[in-house]
Amino acid sequence: MATPAQLGLQNATSPIMEELIAFHDHALMIIFLISSLVLYTMSLMLTTKLTHTSTMNAQEIEMIWTILPAIILIMIALPSLRILYMTDEFIKPYLTLKAIGHQWYWSYEYSDYEDLAFDSYIMPTYFLEPGEFRLLEVDNRTTLPMEADIRMLVSSHDVLHSWAVPSLGVKTDAIPGRLNQIMLASMRPGLFYGQCSEICGSNHSFMPIVLEFIYFQDFEVWAS
(Lines give C-alpha, C1' and ligand atoms only; values in the text may rest on other atoms or scores of the structure.)
Protein backbone atom coordinates (compact mmCIF):
# COMPACT_ATOMS: atom_id res chain seq x y z
CA MET A 1 0.00 0.00 0.00
CA ALA A 2 1.04 3.65 -0.25
CA THR A 3 3.29 5.18 2.38
CA PRO A 4 3.60 8.77 3.65
CA ALA A 5 5.57 11.13 1.35
CA GLN A 6 5.53 8.54 -1.43
CA LEU A 7 6.11 10.11 -4.85
CA GLY A 8 6.03 7.06 -7.10
CA LEU A 9 3.55 4.28 -7.72
CA GLN A 10 2.92 1.45 -5.32
CA ASN A 11 5.15 -1.62 -5.53
CA ALA A 12 3.96 -3.99 -8.23
CA THR A 13 2.34 -7.25 -7.15
CA SER A 14 1.15 -8.52 -10.53
CA PRO A 15 2.88 -8.78 -13.94
CA ILE A 16 0.40 -6.26 -15.36
CA MET A 17 1.37 -3.67 -12.75
CA GLU A 18 5.06 -4.25 -13.51
CA GLU A 19 4.34 -3.52 -17.16
CA LEU A 20 2.35 -0.40 -16.23
CA ILE A 21 5.20 0.92 -14.09
CA ALA A 22 7.70 0.29 -16.90
CA PHE A 23 5.42 2.10 -19.36
CA HIS A 24 5.00 4.98 -16.91
CA ASP A 25 8.79 5.40 -16.66
CA HIS A 26 9.13 5.11 -20.44
CA ALA A 27 6.53 7.82 -21.10
CA LEU A 28 7.91 10.03 -18.32
CA MET A 29 11.40 9.94 -19.85
CA ILE A 30 10.01 10.98 -23.24
CA ILE A 31 8.10 13.85 -21.62
CA PHE A 32 11.24 14.92 -19.76
CA LEU A 33 13.30 14.99 -22.98
CA ILE A 34 10.64 16.95 -24.85
CA SER A 35 10.31 19.45 -22.00
CA SER A 36 14.08 19.90 -21.85
CA LEU A 37 14.28 20.52 -25.60
CA VAL A 38 11.45 23.07 -25.49
CA LEU A 39 13.01 24.85 -22.51
CA TYR A 40 16.40 24.95 -24.23
CA THR A 41 14.86 26.36 -27.42
CA MET A 42 12.93 29.02 -25.51
CA SER A 43 16.05 30.07 -23.60
CA LEU A 44 17.96 30.44 -26.89
CA MET A 45 15.20 32.56 -28.38
CA LEU A 46 15.21 34.86 -25.35
CA THR A 47 18.98 35.24 -25.03
CA THR A 48 20.19 35.65 -28.63
CA LYS A 49 19.36 38.06 -31.44
CA LEU A 50 20.82 35.90 -34.17
CA THR A 51 18.46 34.82 -36.96
CA HIS A 52 19.28 31.99 -39.32
CA THR A 53 17.74 33.23 -42.55
CA SER A 54 18.68 30.03 -44.36
CA THR A 55 16.29 27.99 -42.20
CA MET A 56 13.29 30.32 -42.32
CA ASN A 57 11.77 28.50 -45.32
CA ALA A 58 13.74 25.25 -45.23
CA GLN A 59 11.69 22.20 -46.20
CA GLU A 60 14.08 19.90 -44.33
CA ILE A 61 13.34 21.54 -40.98
CA GLU A 62 9.60 21.37 -41.60
CA MET A 63 9.88 17.66 -42.41
CA ILE A 64 11.88 17.03 -39.23
CA TRP A 65 9.45 18.77 -36.88
CA THR A 66 6.56 16.96 -38.59
CA ILE A 67 8.02 13.43 -38.66
CA LEU A 68 9.72 13.53 -35.25
CA PRO A 69 6.47 13.98 -33.24
CA ALA A 70 4.91 11.14 -35.22
CA ILE A 71 7.83 8.86 -34.28
CA ILE A 72 7.49 9.86 -30.63
CA LEU A 73 3.76 9.07 -30.66
CA ILE A 74 4.47 5.65 -32.15
CA MET A 75 7.05 5.00 -29.42
CA ILE A 76 4.34 5.70 -26.84
CA ALA A 77 1.45 3.97 -28.63
CA LEU A 78 3.06 0.58 -29.28
CA PRO A 79 3.86 -0.26 -25.62
CA SER A 80 0.48 1.11 -24.60
CA LEU A 81 -1.37 -1.18 -27.03
CA ARG A 82 0.71 -4.14 -25.88
CA ILE A 83 -0.33 -3.61 -22.26
CA LEU A 84 -3.95 -3.06 -23.34
CA TYR A 85 -4.07 -6.47 -25.04
CA MET A 86 -2.33 -8.09 -22.06
CA THR A 87 -5.03 -6.83 -19.69
CA ASP A 88 -7.78 -8.26 -21.93
CA GLU A 89 -6.21 -11.71 -22.27
CA PHE A 90 -8.16 -14.49 -20.52
CA ILE A 91 -6.72 -17.99 -20.82
CA LYS A 92 -8.16 -20.68 -18.54
CA PRO A 93 -8.67 -18.73 -15.30
CA TYR A 94 -8.21 -20.75 -12.14
CA LEU A 95 -11.38 -19.35 -10.59
CA THR A 96 -14.00 -16.68 -11.09
CA LEU A 97 -14.83 -14.10 -8.43
CA LYS A 98 -17.79 -11.74 -8.70
CA ALA A 99 -17.77 -8.40 -6.88
CA ILE A 100 -21.02 -6.47 -6.50
CA GLY A 101 -21.01 -2.89 -5.26
CA HIS A 102 -23.62 -1.69 -2.77
CA GLN A 103 -24.13 1.41 -0.70
CA TRP A 104 -21.67 1.22 1.09
CA TYR A 105 -20.05 -2.21 0.97
CA TRP A 106 -18.95 -4.96 -1.43
CA SER A 107 -20.44 -8.41 -1.91
CA TYR A 108 -18.28 -11.27 -3.20
CA GLU A 109 -19.36 -14.54 -4.81
CA TYR A 110 -17.04 -17.42 -5.68
CA SER A 111 -18.70 -18.86 -8.77
CA ASP A 112 -16.69 -22.11 -8.72
CA TYR A 113 -17.73 -23.02 -5.17
CA GLU A 114 -21.17 -23.69 -3.78
CA ASP A 115 -22.53 -21.34 -1.13
CA LEU A 116 -19.29 -19.36 -0.88
CA ALA A 117 -20.34 -15.74 -0.73
CA PHE A 118 -20.12 -12.94 1.81
CA ASP A 119 -20.39 -9.19 2.33
CA SER A 120 -17.36 -7.05 3.10
CA TYR A 121 -17.96 -3.98 5.26
CA ILE A 122 -15.50 -1.41 6.52
CA MET A 123 -14.13 -2.22 9.96
CA PRO A 124 -15.19 0.32 12.61
CA THR A 125 -12.29 2.12 14.26
CA TYR A 126 -13.01 0.76 17.73
CA PHE A 127 -12.77 -2.85 16.42
CA LEU A 128 -9.32 -2.44 14.85
CA GLU A 129 -6.46 -4.60 16.09
CA PRO A 130 -2.88 -3.27 16.44
CA GLY A 131 -1.28 -3.03 13.00
CA GLU A 132 -4.56 -2.72 11.08
CA PHE A 133 -5.25 0.38 9.00
CA ARG A 134 -8.10 2.77 9.73
CA LEU A 135 -10.59 3.21 6.85
CA LEU A 136 -8.88 0.40 4.89
CA GLU A 137 -9.62 -2.72 6.95
CA VAL A 138 -12.76 -4.84 6.38
CA ASP A 139 -14.58 -7.40 8.46
CA ASN A 140 -14.36 -10.12 5.75
CA ARG A 141 -11.21 -10.20 3.64
CA THR A 142 -11.35 -11.58 0.11
CA THR A 143 -9.07 -14.62 0.08
CA LEU A 144 -7.49 -15.70 -3.21
CA PRO A 145 -4.71 -18.08 -4.30
CA MET A 146 -1.41 -16.58 -5.39
CA GLU A 147 0.27 -17.29 -8.74
CA ALA A 148 -3.09 -18.01 -10.37
CA ASP A 149 -5.08 -16.23 -13.05
CA ILE A 150 -8.31 -15.01 -11.49
CA ARG A 151 -11.24 -13.66 -13.47
CA MET A 152 -13.10 -10.81 -11.79
CA LEU A 153 -16.68 -9.99 -12.70
CA VAL A 154 -17.62 -6.57 -11.39
CA SER A 155 -21.13 -5.15 -11.23
CA SER A 156 -23.26 -2.90 -9.03
CA HIS A 157 -26.58 -3.23 -7.28
CA ASP A 158 -27.54 0.43 -7.01
CA VAL A 159 -25.24 3.22 -8.28
CA LEU A 160 -21.92 3.48 -10.08
CA HIS A 161 -18.90 2.19 -8.16
CA SER A 162 -15.30 1.45 -9.12
CA TRP A 163 -13.38 -1.62 -7.92
CA ALA A 164 -9.68 -0.67 -7.75
CA VAL A 165 -6.54 -2.22 -6.24
CA PRO A 166 -3.51 -0.09 -7.24
CA SER A 167 -0.77 -2.61 -6.41
CA LEU A 168 -2.40 -5.13 -8.76
CA GLY A 169 -2.88 -2.60 -11.54
CA VAL A 170 -6.63 -3.24 -11.78
CA LYS A 171 -9.48 -0.76 -11.81
CA THR A 172 -12.90 -1.22 -13.39
CA ASP A 173 -16.29 0.42 -13.07
CA ALA A 174 -19.16 -1.36 -11.37
CA ILE A 175 -22.26 -0.48 -13.40
CA PRO A 176 -25.82 -1.58 -12.52
CA GLY A 177 -27.12 -4.16 -14.99
CA ARG A 178 -23.74 -4.77 -16.57
CA LEU A 179 -20.82 -7.13 -15.94
CA ASN A 180 -17.28 -5.84 -16.45
CA GLN A 181 -14.51 -8.40 -16.64
CA ILE A 182 -10.88 -8.08 -15.59
CA MET A 183 -8.01 -10.48 -14.92
CA LEU A 184 -5.78 -10.28 -11.87
CA ALA A 185 -2.94 -12.30 -10.38
CA SER A 186 -0.47 -11.92 -7.54
CA MET A 187 3.07 -13.25 -7.58
CA ARG A 188 3.49 -13.16 -3.81
CA PRO A 189 1.33 -13.68 -0.73
CA GLY A 190 0.15 -10.83 1.43
CA LEU A 191 -2.54 -8.24 2.02
CA PHE A 192 -3.36 -5.72 -0.70
CA TYR A 193 -5.67 -2.77 -0.21
CA GLY A 194 -7.94 -0.80 -2.49
CA GLN A 195 -11.02 1.40 -2.38
CA CYS A 196 -14.00 2.46 -4.43
CA SER A 197 -12.60 5.01 -6.88
CA GLU A 198 -15.91 6.39 -8.10
CA ILE A 199 -17.68 9.35 -6.51
CA CYS A 200 -20.75 7.22 -5.91
CA GLY A 201 -22.11 9.16 -2.95
CA SER A 202 -21.29 10.63 0.42
CA ASN A 203 -19.65 7.45 1.73
CA HIS A 204 -17.86 6.25 -1.40
CA SER A 205 -14.48 6.50 0.34
CA PHE A 206 -15.71 4.07 3.03
CA MET A 207 -15.88 1.09 0.68
CA PRO A 208 -12.43 -0.47 1.18
CA ILE A 209 -11.16 -3.58 -0.59
CA VAL A 210 -8.78 -6.04 1.08
CA LEU A 211 -7.39 -8.98 -0.89
CA GLU A 212 -5.49 -11.68 0.98
CA PHE A 213 -3.40 -13.87 -1.31
CA ILE A 214 -2.34 -17.20 0.17
CA TYR A 215 -0.81 -20.45 -1.10
CA PHE A 216 -2.84 -22.93 -3.16
CA GLN A 217 -3.12 -25.59 -0.47
CA ASP A 218 -4.16 -23.02 2.12
CA PHE A 219 -6.79 -21.61 -0.21
CA GLU A 220 -8.33 -25.03 -0.86
CA VAL A 221 -8.56 -25.60 2.89
CA TRP A 222 -10.15 -22.16 3.36
CA ALA A 223 -12.64 -22.65 0.51
CA SER A 224 -13.70 -26.06 1.71
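User: Buried means under 20% relative accessible area, exposed over 50% and partly exposed in between, with a 1.4 Å probe and protein chains only. By that rule, is Phe-219 buried or exposed?

Analyst: This is a predicted model, in which local features need pLDDT of at least 70 and side-chain atom pairs count only at pLDDT 80 or more, while totals for chains, interfaces and linings use all residues. Residues are numbered from 1 along each chain as its sequence is written, and side-chain values use heavy atoms, without hydrogens and water. Phe-219 has a relative accessible area of 0%, so this residue is buried.

User: How many bridges join β1 and β2?

Analyst: Strands (E, at least two residues) and helices (H or I, at least four) are DSSP runs numbered from the N terminus, and two strands pair if DSSP finds at least two bridges between them. A hairpin connects β1 to β2 through two residues, and Gly-101 stands opposite Trp-106 in β2. Strand β2 covers residues 105-110, and its antiparallel pairing with β1 has six bridges.

User: How many aromatic pairs are there?

Analyst: Rings of Phe, Tyr and Trp (its six-membered ring) pair if their centres lie within 6.5 Å; planes under 30 degrees apart count as stacked, over 60 as edge-to-face and the rest as tilted. The count by this rule is 11.

User: What is the angle between the planes of Tyr-110 and Phe-118?

Analyst: Tyr-110 is buried at 2% relative accessible area, and Phe-118 is buried at 15%. Their rings form a tilted pair, 6.2 Å centre to centre, with an angle between the planes of 40°.
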